[in-house]
Amino acid sequence: MTEENIIEIQNLSKKYGKFEALKAVNLTLKKGELFSFIGPNGAGKTTLIRILTGIIKPTSGDVLVKGKSLLKEPSLVKPLLGYVPDRPYLYEKLSPYEYFEFTAGIYNVPLKDALERCDPLLEKFKLYERRNDLIESFSHGMKQKIAIIAAVLHDPEIFIIDEPTVGLDPYSVKVIKQYFKELTSLGKTVFLTTHALAVAQDVSDRICIINKGSIVALGKLDEVQNATGIHSQHLEELFLQLTQEETSQSNEAVKLTES
Amino acid sequence: MRIGHLIRPRLKKSFRLFSSYNSFLKFSMSIAALILVIVFFIVLKYFFNYIAEAKVLGPIAGRVFGPILLEKLVELIILVFFFMLFFSNLVSALTAFFLEEDLPMLIVSPLPPMRLFIARFLTAMTESSWMSTLALTPILLAYQTTVASPWFSYLLLPFFLALLVLIPCLFSSGTVLLVANLFPVRRMKKIFQFLALLFFAAMVFFLRSLKAEKLLNLKYYDETFKNLIGMQIPSSPYSPPHRLYKLLYNISSGDLSLIAKELGIISAAALALFLLLAIAAKFNYRRAWQKSFETLDNKVSGLEFLRKLMIWPASYLPQNAQAIVKKEITIFFRDPAIFSQLFMVGAVVAIYAYNLFILPLKDVPQLFSVAANNWLLYLNAPFIGFVCAAIAMRFVFPSTSMEGKAFWILKASPIRIGKVLKIKFFFYLLPMLLLCALLSAFSVYVFNNSSTPLMILSVFNAFLITFTVTAFAVNLGSVYANFEADSPLKASGSFGGFVYMVISMLYMLSLVLLQIFPIYMYMWKSFYYTSGYLSSTLFTLSLLMSPAMTWMWCHLSFKKGVTALENYQHD
């Protein structure tokens, strides 16, 4: 592992019964990069993220974060990660401030430091006035913003976010994109999955396309274009061609096997 | 879309959940349940016979008045179950009709509202009544065997049970539909929950106030008998519980013409009610559902002072523990059902205390002795444990499930699952031990025993059992966590809750079995003044082994809980 590699995913597989959600995925993330992980529905993005954050265990393989194994030393690795899920289920009977206090507590962050970090973000997301209201009264987008703020309270090295723009208004999407850039400029790594390909193209240093549990393309946009021979200015076309090709190839394979 | 299509996903979900449980566990729990039902039936049969014969009144008067007493008792039971089903269905129906997550998708579909309403009515009725029906079946069978019903009466029992379930559910669903147009549904649910619990507590007090135990005692029999004979059960000839009781009476007596008449009247009434409800749903359900969105009760309010007072001591805990404890307390105090929950705890403690006070020991001289009191004090420890287990089932068992879909927060954090469970355990242990201390102190006072070692052992056992049932509640509550449950009642009323109660009872049984022979030896020594070397050794050994065995039970359940949560696959 080189010094600038912060995450190393090694032969990661995950099976749900007979279904193989991830097939021996190998991936390396560099410190300070904004990495977009894209793929069609059911491709394995959320499974990979959940393994990466220690929420579920892989069937085989390992994840090294700064050289430490997530599976063997979760209590050392997890403080390095900040996570926002695709559906921001939070404790509805707490207010944002109480939720931040709770998060600070389980991450062992002094409350004063946590609140110093959250106040500017609450202002930025226009939620400061609602900091003492119950979360249950918030919309999906507002909960998403609260989850984002809570994920950075402990100042993680890696920020992992699943579908960051779902439910957010255009202003918030802009704020989020700016915030990702701020984080990477501070040397933090951002790992995001999204279906908003324009966002991925706009902000990413590197992209990774996954389909049916396997990586089908990885690198900077021009590198992927050169490697695949698909020279389109838009990530969307590249994505569609790669994933549809993959799907039609596998369909062909199925037909051949059946015949 | 047919109604069956709307019900099938729910049935499949329940079936899958049940199938996912370990086969051996399901088998052993089924056997345990069957044994419990049989024991319940035998005890009831004995009790009903005792009432029906009323031997204390003499051979002639007993035969005349005994059956009247039994009929009064059965009518009372039907009345209690009727209202129990009515109230429990109120809360279920409210959730099923207005609060479930898939409703928006179904409401906007071209599906006729009436069909959706009927499908939800059927699922709510099943969910709210299966446990009551299971409990009622051995009671009715015991009644029928006591009154020597003909064979076909047993075959008609399912029809009676179906009507007993259907009619209160029709009334409660109608009530829900009506009031949903008048009040904000999200607050109404809490009002109904409170009312239902209030009703249960009132019923328990009412039944206890009948002082049935005084039937054991000749001195009180005359007075109690007069009270029961003259008792006016709140019913009229046209009230549904009374008609249902008449149907049961006719079924049990085997008069076919009367059965046909009563069954016809009640079935026609049920059908008419059902049609009325369906028509009301057709014209009103969609509007009521839309109205349910109008009010959200989301401001931090009420009990804030008390909440702050309660979380203040937590500030002295390590940061991890502080975060979890403060969160648990805050969520508890913001649950609007808190008053009903606290009321229930108060009611359980009060009923326990009342039961001890009215024990007929001192009134039945042939039963009363110092030795008997000592034994009863010892055996009272598992009883305290049972009360604590019942409280823990309601408050502690659902604690992991109540993390709900926010459980990912703990899973993604650096805090280990084992530590979370330990924090939860110690947090809940404190109030549970306080409750145990209160009940133990009261028991020691009431029994006024003569053996200090037995008294110490009884209190020691009560604390040991409370410690263990709290650990079981946290750990098994994690093994059978239901993160989809929208209320603690749903989590504790599940198969996991049943397993928890059975395992808690098995632990209490194992503790008593471990100690009973040494205690017998010890008591024998006190009677006959023999050399007590063996009895003292056994007594000491059992005392040492009890905590060791308790540790083993707790440790095993802890391991199971941690493994279950670590391997939990999020949706």
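**View 1. Four strands of chain A make an open sheet in this predicted model.** The strand order is β2-β1-β4-β5 (chain A), and the pairing is antiparallel. Two strands count as paired here if DSSP finds at least two bridges between them. Strands themselves are DSSP runs (E, at least two residues), helices are runs of H or I with at least four, and both are numbered from the N terminus. Residues are numbered from 1 along each chain as its sequence is written, and chains are lettered from A and ligands numbered from 1 in the order in which they are written. Because this is a predicted model, local features need pLDDT of at least 70 and side-chain atom pairs count only at pLDDT 80 or more, while totals for chains, interfaces and linings use all residues; side-chain values use heavy atoms, with hydrogens and water left out.

**View 2. Zooming in on β4 and β5 of chain A.** Strand β4 (residues 60–65) of chain A joins β5(A) through two bridges in the antiparallel sense. Look for V65(A): its bridge partner in β5(A) is K68(A).

**View 3. A helix lies across the strands.** Helix α1 (residues 45–52) of chain A lies across β1 (5–16), β2 and β4 of chain A, and runs at about 120° to β1(A). Axes are lines fitted to C-alpha atoms, for helices over the stretch in contact, and angles run from 0 to 180 degrees between N-to-C directions.

View 4. Contact means heavy atoms within 4.5 Å. Where pLDDT is low, the predicted coordinates should not be read in detail.

**View 5. Phenylalanine neighbours in chain B.** F97(B) and F98(B) have ring centres 6.3 Å apart and planes at 90°, so they are an edge-to-face pair. Rings of Phe, Tyr and Trp (its six-membered ring) pair if their centres lie within 6.5 Å; planes under 30 degrees apart count as stacked, over 60 as edge-to-face and the rest as tilted. Both F97(B) and F98(B) are buried, meaning under 20% relative accessible area, with exposed over 50% and partly exposed in between (1.4 Å probe, protein chains only). Together with F117(B) and Y285(B), F97(B) and F98(B) form one aromatic cluster.
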